[in-house]
Amino acid sequence: MGKRVSRLSIIFAIIKKDFFEIFRDKLWVYLSTIGILLYVLIYWLLPSTVDETLVIGIYQNDMDEILQEYSEQEEGLKFVEFESSQDLQKTIEGELENEEDVNIGIVFPDDFLQKSVLGEKSKVEIYTDTSVPKEIRNAMTSFIREMTFGIHSAIVQEDSFPVELPDEEQIILGEDRVGDQIAFRQRLKPLFAFFILLVESMALASLIAVEIQTRTITAILATPARLIDLLLAKTIFGTLLAFSQAVILLLLIGALGQNPLMLLAMILLGAIMVTGFAFISGSAGKDFMGTLLYSVLFLIPLMVPAFAVLFPGSASLWIQILPTYGLVEGIIKSTAYLQTWSEVAPYFLMVIAWNIVILSAGLIIFKNRVKKL
Amino acid sequence: MKKVVVEAKNISYSYGDFLAVKDVSFSLNSGEVLGFLGPNGAGKTTVIKMLTGQLEVQKGSIKIFGKRLKKEDSEIRKRIGVCFEEKNLYENMTARENLQFFAKLFGIQKYDFDKALKRVDLAGRADDRVGTFSKGMRQRLMIARTLLNTPDILFLDEPTSGLDPTSSQAIREIIREEMERGATVFLTTHDMHEADQLSHKVAFINEGEIVALDTPENLKVEHGKRSVKVRVRRGKKIETKTLSLEDEGVGEKIKSLVDSKKLLTIHTEESNLEDIFIKLTGRRLE
């Protein structure tokens, strides 16, 4: 019967053939090159700095002079007065419009001045939205304490205790996203790789679709190659293709500087995920348009978590159950917020679980489609 | 003594509710050519797919080289060559690259690709992309691919369908060479002339069932007309008549024609496979 054909050499031959094929596809080469260059260009065009002026919404009574004094003393502080504490809350929540971007609010009780003079305790409420870092929230607490001291010493002319400091209650409106202030460009940096991954899934889907539609798959399966060899080869090829493109982009925009291992691990999982989606759309579409339709159908919801991360506070439950949510959160948490492996572990687990589901579904659909040829 | 290399026993296959192949049985000895004849949709391709392990037999059994055919049997696949009806080649790859890729799948380390391409008259186009090839060139490359592993059994699904006479003739010549090498050939076609020329045995398949299976000669004898065609002079005119050899007194009739010196020519008139197919199935091969 002759020598057995090695499974590895079969898998390697299919991967090599796929690389040959895709790099001969002029449309793919143009689109991939232009895509990467475009992302790099967009990256460099985005603002690299953050406006450091802190806008604080204030609700108070009889404290105009004191606040004016603070505003002049402290560089980078801007107070915006509100008629009621409800208006202030609603503005921070985004329900009311304001000329200024108010995402921190302090509500002083009506008797704050009186109680501060008498050295008595009062309760000040601090409202912040999800994008305000912990450090800023703590700074607000210090600011109120300093102000209480200031009022007491200025009016009572005593530079000493007894002063009862007020209780501050911090209320965060929306999901808490603790972190540093991050420029839009920095926040978007690793997400470019995510976008590249999604686009690559379309390229791979088209390669699978062509192989099915031209029935070259049946020719492969008439040789000693088995379906499992083909599935493995396509999975490895798809993952390598998407992963390498994303890494090239990350290198071009210098995004591998922070937590590179964690980021690469996430990108690798993302590449496996998009390969799974490519199997589904490549096998489900009966022709080029069908494949394109399925690809776009997947692409749109899969992009949503990326936008949710860019605009904090909007990640509702339905977004969190999307397969790419864990991926996007993991990328952002590991690079922008420099979280540790244990902190990012839940997102890794989420992505791995989704990968098992998507890849299994993709392989089953692909296998059934091949059987029907 | 010749060995049975392909044996199908009562094989059936359904696509959903549609029974495409019904209780088909046949065997093929080494070095034989079986012409599997039938119109489009008769079940020829389904049978070939079952024989090559692309479809799992739902009922019955298939033995190849005396071994029951299993799903994805690499050892059997190594010894067979399949030429598909559809031209499933990689269009972005050259003729040589296509062959090189499939050679790797067969585990072939050394192969003279130039010689293989020359054999199918594609030596001059070896490094051109298949996307630029004509239908005939693609089909010839398909044949070269089928022969890569020097197969013991060749499954050829409509190898000359839609080709110009020159390309068809070239492919028939290669099939003959393979027969001389000792390869067993399972040939599906709806070209009766081709089947008659190449096959040791022919099977007629219609609506998933084999309606006749024998050597072309036996089929012609069994199902053909026994008649002669005569041309006779009647005054200044020449008449052509067909005389059935089954008719009573036909011998005397022919003798009197010969004696009268009016007989110009006499030819036996054998049935061809197409006539027999029509007789057996009531339909033409299209």
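## Ser32(A) and its surroundings

Not counting residues up to four places away in sequence, Ser32(A) touches Glu200(A) and Gln245(A), a contact being heavy atoms within 4.5 Å. The model is predicted: local features need pLDDT of at least 70, side-chain atom pairs count only at pLDDT 80 or more, and totals for chains, interfaces and linings use all residues. Side-chain values use heavy atoms, without hydrogens and water.

Ser32(A) lies in helix 2 of chain A, residues 26-45. Its relative accessible area is 10%, so Ser32(A) is buried (under 20% relative accessible area; exposed is over 50% and partly exposed in between, with a 1.4 Å probe and protein chains only).

## Chain A overall

Chain A has 14 helices and five strands; these are DSSP runs, H or I of at least four residues for helices and E of at least two for strands, numbered from the N terminus. Of its 373 residues, 50% are buried.

Among contacts in chain A with a separation of 6 or more, 74% are between residues 24 or more positions apart. The accessible surface of chain A is about 17900 Å², and carbon and sulfur atoms account for 61% of that (Shrake-Rupley method, 1.4 Å probe).

## Nonpolar cores

A nonpolar core is a set of buried Ala, Val, Leu, Ile, Met, Phe, Trp, Tyr and Cys residues joined through side-chain atoms within 4.5 Å. The largest has 99 residues, and Phe26(B) and Phe186(B) have the most contacts inside it. Another core lies apart from it, with 50 residues, including Tyr43(A), Leu188(A), Leu250(A) and Val274(A).

Leaving aside neighbours within four places in sequence, the contacts of Phe26(B) include Val6(B), Leu34(B), Phe36(B), Leu51(B), Phe186(B) and Ile210(B).

Note on methods:
Residues are numbered from 1 along each chain as its sequence is written. Chains are lettered from A and ligands numbered from 1 in the order in which they are written.
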